[in-house]
Structure formats: structure tokens, C-alpha cells
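Biologist: I would like to learn how to read a model like this one. Could we take a few features in turn?

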Amino acid sequence: MSEDVTQVGFAHVLPSLPYAENALAPVISAGTMGFHYGKHHKGYVDNLNKMIAGTEYADWTLARLVCGTVGKIEKSAFFNNAAQAWNHAFFWRSMKPEGGGLPSGRLMVLIGKSFGTFDKFKEAFLAAAVAQFGSGWVWLVQEGDGLKIVKTSNADTPVAHGQTALLTCDVWEHAYYLDYQNRRKDFVQAFLDHLANWEFAASQLK
Ligand code: MN3
């Protein structure tokens, strides 16, 4: 992900949403987007800027912060806010109004090779989303020549582990509770069927 989206000078900035807050309704309501983007995502960016001010991290890019603090217990607050800032910027771009449908081109070929069929990919993505205990994320990633589905807990992100993220769905309760209450599977199914931005995912392939 290009750094210019999320950083101006040395301050991290909340990237603009690539669509209006009500553009993903009814799958994700404007109310959920208002809180999720305007409160949760903004909070991570604001916290990060406060934390890094006057420290050795003040001029680090977001990606450098994520990769440079992962696994360091004493730096976990830096990692959590930086990774959540990165993850949310990536999540917004993983969706589009009237998304879903089928990937095409090289991405579809790789999905076929790695999962058998697109339906089997969807089943596996949904199963991972349901199996993630507590807060976290489900990702389609590229690793070597293959694609994988991975789930990460809390702020953790495949970017910190040498994997190339292609698409993600946020499965923290704040992502769906207002619209779906406890029905996480219904939320992720609707994400896949109506919001997944396959052109964006394909653009992230190496
Ligand atoms: Mn979130």
C-alpha cells in the first residue's frame, strides 16, 4: 500500500474513504461506517500520532512501524495502533459498492489453483471468519506462488509476517454488531457476495 495515502510529512493522516459513508448500505449501514471509520479508525490514527511524537518512531512510515514493532511486548501499543491504522485503510479498499461477484484474470486462476473452485474459497473464507475467536481479521494473502486464507487476532496483520495482503474482512464486533448483532457469518457472507472488491485484490498481486 502506498505510504502517501496515510502519511503527510511525519504525521499519519486518516485516509479518505473511497466512497460515501452510506454507499455500502444495506450490507454495511451508514451508522456502522460512521462509527467504524469516524471513531474507531480515526482513534487508531490519532493515538498513533500522540504516541510517536518526540520518539524515535516520529518519522517512521506506517509500514515500517508495523514491521518494526511486531512481537515486541514493550512496543505493543505502537504496534496495535499502527497495525490497526494499516488494516482499516486496507479494509476500506477491499470493498466497493456493488462489489462481490467473481474475480477474473490471474487472480481467478490462482484462486482455482489454491482452493479448487471459487465456491470452495468462499466456504473456507467464511469458516475462517467464524472460527476466529474474539476480535480479529480474515485475509486472502499471497505467499510465494500460492494464495492462502489466514486469520489474525486483534491488530495482527499478515504484512508483519512477510505475506502480501490481497483482501480483508474486519471481524471485530464493531464491524458488524449494529447491523448484524452476533451474526458474524451473515456479515461475512454479505461482504463476499456484495462488497468484495476483486479489482483491488488483483491489483495487490505480486
Ligand atoms: Mn475495525
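Modeller: We will go through a metal site, a helix and a helix pair.

Modeller: This is a predicted model, in which local features need pLDDT of at least 70 and side-chain atom pairs count only at pLDDT 80 or more, while totals for chains, interfaces and linings use all residues. Residues are numbered from 1 along each chain as its sequence is written, and side-chain values use heavy atoms, with hydrogens and water left out.

Biologist: Which protein donors does the manganese ion have?

Modeller: Donors are N, O and S atoms within 2.8 Å of the metal (3.2 Å for Na, K and Ca); water is not among the atoms, so sites may look incomplete. Here the protein donors are His36 (NE2), His88 (NE2), Asp170 (OD) and His174 (NE2), at 2.0 to 2.1 Å from the manganese ion. Along the chain their spacing reads H-x51-H-x81-D-x3-H. Helices (H or I, at least four residues) and strands (E, at least two) are DSSP runs, numbered from the N terminus.

Biologist: Are His88 and Asp170 buried or exposed?

Modeller: Buried means under 20% relative accessible area, exposed over 50%, and partly exposed in between (1.4 Å probe, protein chains only). His88 counts as buried because its relative accessible area is 0%, and Asp170 is buried at 0% too. Trp86, found in helix H3, is buried at 7%.

Biologist: How is the length of helix H1 read, and where is its kink centred?

Modeller: The expected span is 1.5 Å times one less than the number of residues. H1 (residues 30-52) has 23 residues and spans 32 Å from first C-alpha to last, close to the expected 33 Å. A bend is the angle between axes fitted to the seven residues ending at a residue and the seven starting there. In H1 a kink of about 30° is centred on Lys42. After H1 comes Gly54, with a positive phi near 75°.

Biologist: At what angle do H1 and H3 pack?

Modeller: Axes are lines fitted to C-alpha atoms, for helices over the stretch in contact, and angles run from 0 to 180 degrees between N-to-C directions. H1 and H3 pack at about 140°, with axes 9 Å apart. Contact means heavy atoms within 4.5 Å. Residues making this contact include His36 and Tyr44 of H1, and His88 and Trp92 of H3.
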